Amino acid sequence: MLRRLWDEEVVDWKGTFRTPLQQFTSTPRPLEGIAPFVWHGSIRTPEIAEQAAYYGDGFFANHIFWPAEHTRTMVELYRARYEKYGHGKAHQAIVGLGGQ
């Protein structure tokens, strides 16, 4: 729904977890038609890395409670899938890391 709100001027939408949208226009509109950059954050779930790669968005891994190998595996998965989905080369995928 978020991408539709950015890409389409008027949106009709019906789902399960919120009231329907009828002839809805989100404001402010993306500047010069370019949607904001989106981050998908995860601590342990590879599905989030997959989702970020699918949309060509950034992936943020917070590795505060996980070993470095787990974080490496998540980042490698994200980068490989980013390239598979045709968004660019694996090394071009944007990754953020957090921890203490």
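Select Trp6 first: apart from neighbours within four places in sequence, Trp6 is in contact with Arg29, Pro30, Ala35, Pro36 and Val38. Contact here means heavy atoms within 4.5 Å. The model is a predicted one, in which local features need pLDDT of at least 70, side-chain atom pairs count only at pLDDT 80 or more, and totals for chains, interfaces and linings use all residues. Residues are numbered from 1 along each chain as its sequence is written, and side-chain values use heavy atoms, with hydrogens and water left out.

**Stop 1: Trp6**

Trp6 lies in helix H1 (residues 2–7). Helices (H or I, at least four residues) and strands (E, at least two) are DSSP runs, numbered from the N terminus. Trp6 is buried, with a relative accessible area of 17%. Buried means under 20% relative accessible area, exposed over 50%, and partly exposed in between, with a 1.4 Å probe and protein chains only. Trp6 and Arg29 are 23 residues apart in sequence, and their C-alpha atoms are 6.7 Å apart in space.

**Stop 2: the loop between S2 and S3**

Select Thr27 and Pro28. The peptide bond from Thr27 to Pro28 is cis, with omega near -5°. Pro28 is found in the loop between strand S2 (21–24) and S3. Next select Glu32, which is found in the loop between S2 and S3. Phi of Glu32 is near 55°, a positive value in a residue other than glycine. Glu32 is exposed, with a relative accessible area of 73%.

Step back to Gln23, which lies in strand S2. Gln23 is not a glycine, yet has a positive phi of about 50°. At 57% relative accessibility, Gln23 counts as exposed. For background, most residues other than glycine have a negative phi, and most peptide bonds are trans.

**Stop 3: the sheet**

Show the strands S3, S4 and S5. In what order do the 3 strands of the open sheet stand? The order is S3-S4-S5, and the pairing is parallel. Two strands pair if DSSP finds at least two bridges between them. Strand S3 (39–42) and strand S5 (95–98) are the edge strands, each pairing on one side only. Neighbouring strands of this sheet are turned by 20° against each other on average, direction ignored.

Select S4 and S5, which pair in the parallel sense over 4 bridges. Ala61 stands opposite Leu97 in S5, and the bridge partner of Asn62 in S5 is Gly98.

Asn62 is partly exposed, with a relative accessible area of 27%. Leaving aside neighbours within four places in sequence, Asn62 is in contact with Ser42, Ile43, Gly98 and Gly99. Asn62 and Thr16 are 46 residues apart in sequence and 30 Å apart in space, C-alpha to C-alpha.

**Stop 4**

H2 lies across S3 and S4, running at about 170° to S3. Axes are lines fitted to C-alpha atoms, for helices over the stretch in contact, and angles run from 0 to 180 degrees between N-to-C directions.

The axes of H2 and H3 come within 8 Å and cross at roughly 30°. H2 and H3 are therefore roughly parallel to each other; angles under 35 degrees count as roughly parallel, over 145 as roughly antiparallel, 65 to 115 as roughly perpendicular and the rest as oblique. Which residues of H2 and H3 meet? Pro46, Ala49, Glu50, Ala52 and Ala53 in H2 meet Met74, Leu77, Tyr78, Arg81 and Tyr82 in H3.

**Stop 5**

Finish at Asp57, in the loop between H2 and S4. Is Asp57 buried or exposed? At 7% relative accessibility, Asp57 counts as buried. Not counting residues up to four places away in sequence, Asp57 touches Arg3, Phe37, Val38, His40, Ala52 and Tyr78.
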